[in-house]
Amino acid sequence: MHKTIQVSLIALVLTLSACSPKLRPLNTRQVSVESEPLMVVGQNIESNITLHIPEKWFHKKASLKVMPVMRINSSEVWGGTYTLQGEQVYGNNTVVPYNSGGNFTFSSQFAYNPRMQNGKLYLTLKEVYNGKERALPELLLTQGVIATATLAQLSGATPYVASNKFQRIITEKYDADIHFLIEQANVRSSELEKTDLKDWKKRVEEAQENNNQNVSIEVQAYASPDGGVKLNEKLSKNRELNTTSLLKKNIEGSETITFGAHYTAQDWEGFRRYVQASNLPDKELILRVLEMYNDPEEREREIRNISVVYDKLATDILPKLRRSRIIATIETIGKSDNELSKLLLTNPKALNIEEYLYATELQPYSERMQLYSNALTLFPKDPRAYNNLAAIYLSNNETDKAEPLLNTAISLGTIPEAKLNLALIKLEKGNLIDAETLIGNNIKDDLSQEVYGLLLLKQGKFTQAAEAYKHTISNNAAIALILTNNYAQAIDVLDKITKPNAITDYLRAIVAARQGDARNASNFLNEALQKDFRLRDYASNDIEFRNVRNNPNFIVN
């Protein structure tokens, strides 16, 4: 009987021993969080959590399940499970040496929800021993989430307006050639009867009669490279004089035309160009002679020595160089701003698309929505009208009206501005992949860096966003600077915003709070709340103000 009682006691001890705790509770000193407070990065709350396991703490046959959980009032969101195991546990988890312990880091990530702004991050711990789980006391790691990155929105960006190609003065050039016989400078009547010269003369005279066109003429006379320099200089000079004299005599209204003239004694450049374009035998040899010799007489002598080809040069190339090139420059002076604005409002059909878009940009901003709407009827095939109307809707945060217009603009042709504006909408909706595809290779200047900067902010790449925004003045640019702790630059950007809004003031308040200036943080915050009362709930939970909230100078009305 005595032996039976003794065996029963031993069994009871073994049973209690098997059920007894193998891991002691941890305290907050044995856990550290990389980001404290937590911060919204991209679309998530991310942080690295490190467990500092003491020596001889981790039982060789036990495991530890670690699970972060975000608690928001009565609800909670669980993160992933990270498991550690003792030296004698069979498994594929990280092993913790019993004698030495160590530091063990795992990543925690939660998809951000605005309700998490004032949430509390806990670490739950569960011991696993002999197949049974036992909860250890959970630890409060941190409270509150810095969500300043989420203030970067469509309203903080400038939509892209497609430019017009309107030119007040349009310059066009018209040219024709008058050819001469070898060693002659007189203008032959047969040359004057050529169709291209008649057409040239007609265009010049029409421009002269037009009140909004100005004409100037330049005569460039040449001689071919064969013959001596002295003879060719005389020939080319006389060809220029005779050509200019003839034009002044035969063009109606020539007395009001500005003439310019010059002559070239030996047209080696023209010779090179014609030979290069020809099918002459030994043309490469001729071109090498031009490269090897600079002296005109040496060039001519060496080329004449190529007897096989010289006769061909004399018949096919040299006659083309004995000429006067006449160039008419015609400037068409467009309508004045007043004329364009008047026609835009009274007779818009009298304007072409470039004039219409230009004139619209001259009008007060409040009138442009209707003008761009009218443009859809007048110019239904031009994508810029659709894009520019969409840009106005985007400025008013009316994305539902802007999006179909942008899709139409893109369907009508290649227009980077429409793709960038559509990317802004995708970013506002949190669709970063589509936004990145739309941005693609459309980043061409400092202005288009703005949408790219917003993408980078949404991706949590704050340093790169600040770089992209370096030439941008906007709330979003200031946010990138704040998140990279460049407060002086952020203030400079905010001060330069021409139309500050509630977010502008709110960002000023954040900068002041981060710098410990409770009075200015309070003043700017109150200005922001007066402009947009909807910020009040956000501000009440915003831990950007945690360091000044209890300061007597921080008074929120």
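Close-up 1. T243 is buried, at 0% relative accessible area; buried stands for under 20% relative accessible area, exposed for over 50% and partly exposed for what lies in between, with a 1.4 Å probe and protein chains only. The model is predicted: local features need pLDDT of at least 70 and side-chain atom pairs pLDDT 80 or more, while totals for chains, interfaces and linings use all residues. Residues are numbered from 1 along each chain as its sequence is written, and side-chain values use heavy atoms, with hydrogens and water left out. T243 is found in helix α4; helices (H or I, at least four residues) and strands (E, at least two) are DSSP runs numbered from the N terminus. Not counting residues up to four places away in sequence, T243 touches I178, F180, V187, V219, S324 and I326, a contact being heavy atoms within 4.5 Å.

**Close-up 2. Helix α3 and its cover.** Helix α3 takes in residues 195-209, 15 residues in total, and reaches 21 Å from its first C-alpha to its last. This is close to the expected 21 Å, where the expected span is 1.5 Å times one less than the number of residues. L197, W200, R203, V204, E205 and A207 are the buried residues of α3. Their cover includes β12 (169-179), α2 (189-192), β13 (213-222), α4 (229-250) and β15 (323-333).

**Close-up 3. L357 in helix α10.** L357 lies in helix α10, residues 353-362. L357 counts as buried because its relative accessibility is 1%. Beyond its neighbours within four places in sequence, L357 is in contact with N164, Y372, R384 and N388. N164 is 193 residues from L357 along the chain, yet their C-alpha atoms are separated by 5.9 Å.

**Close-up 4. The largest nonpolar core.** This core has 119 residues; a nonpolar core is a set of buried Ala, Val, Leu, Ile, Met, Phe, Trp, Tyr and Cys residues joined through side-chain atoms within 4.5 Å. The residues with the most contacts inside the core are I45, L123, L457, Y506, L507 and F545. Helix α20 (residues 502-514) gives the most to this core, with 9 residues. Leaving out residues up to four places away in sequence, L457 touches G42, A152, F462, A465, Y469, N476, I479, A480 and L483.
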